[in-house]
Amino acid sequence: MSPNEPRQRVERVAGSRRAKLTPAPGAVPEVDVIEDPADDDAASASSSGGGPNDERMRREVPPHY
């Protein structure tokens, strides 16, 4: 590596105990988590109505806890 090539740097984050790295040269920028429409369907199905035993299953704690 020559000294003229861009490099990743460590940056201080005010109020944080951890530092962060700048993106590496040539790296693909971070992409936000892509939500899957199937996950939305499963979440809405579990929160709406449900079966006759759903409430009991949420209240009970397995014996190993």
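**Figure 1. Confidence along the predicted chain.** In this predicted model of the protein chain, confidence is lowest in helix H1 (residues 37-47), with a mean of 55, and highest in strand E1 (residues 10-11), at 92. The score is pLDDT, the predictor's confidence in each residue, from 0 to 100. The mean pLDDT of the protein chain is 75. Of its residues, 65% reach 70 or more. Residues are numbered from 1 along each chain as its sequence is written, and side-chain values use heavy atoms, with hydrogens and water left out. Because the model is predicted, local features need pLDDT of at least 70 and side-chain atom pairs count only at pLDDT 80 or more, while totals for chains, interfaces and linings use all residues.

**Figure 2. The elements and surface of the chain.** The protein chain has 2 helices and 2 strands. From the N terminus on, they run β-β-α-α. Helices (H or I, at least four residues) and strands (E, at least two) are DSSP runs, numbered from the N terminus. Buried residues make up 2% of the 65 residues in the protein chain. Buried means under 20% relative accessible area, exposed over 50%, and partly exposed in between (1.4 Å probe, protein chains only). The accessible surface of the chain comes to about 6700 Å². Carbon and sulfur atoms account for 52% of that surface. Areas come from the Shrake-Rupley method with a 1.4 Å probe; for residues, only the protein chains shown count as cover.

Figure 3. Thr 22 lies in the loop between strand E2 (20-21) and H1. Is Thr 22 buried or exposed? At 10% relative accessibility, Thr 22 counts as buried. Its side chain reaches the backbone nitrogen of Arg 9 at 2.7 Å. Thr 22 also touches residues beyond four places away in sequence: Arg 7, Gln 8, Arg 9 and Glu 11. Contact here means heavy atoms within 4.5 Å.

**Figure 4. Close-up of Leu 21.** Leu 21 lies in strand E2. With 52% relative accessibility, Leu 21 counts as exposed. Leu 21 and Val 10 are 11 residues apart in sequence. In space, their C-alpha atoms are 4.6 Å apart. Not counting residues up to four places away in sequence, Leu 21 touches Gln 8, Arg 9 and Val 10.

**Figure 5. Close-up of the salt bridges.** How many salt bridges does the structure hold? There are 2 salt bridges. Each is a side-chain nitrogen of Lys or Arg within 4 Å of a carboxyl oxygen of Asp or Glu. Side chains of opposite charge can pair when their charged atoms come close. Glu 11 is partly exposed, at 28% relative accessibility. Another joins Arg 56 and Glu 60, with the closest N and O atoms 2.9 Å apart. Arg 56 counts as partly exposed at 43% relative accessibility. Glu 60 is also partly exposed, at 43%.

Terms used:
Polar contact = N/O pair within 3.5 Å; in protein donor to acceptor, adjacent residues only side chain to side chain.
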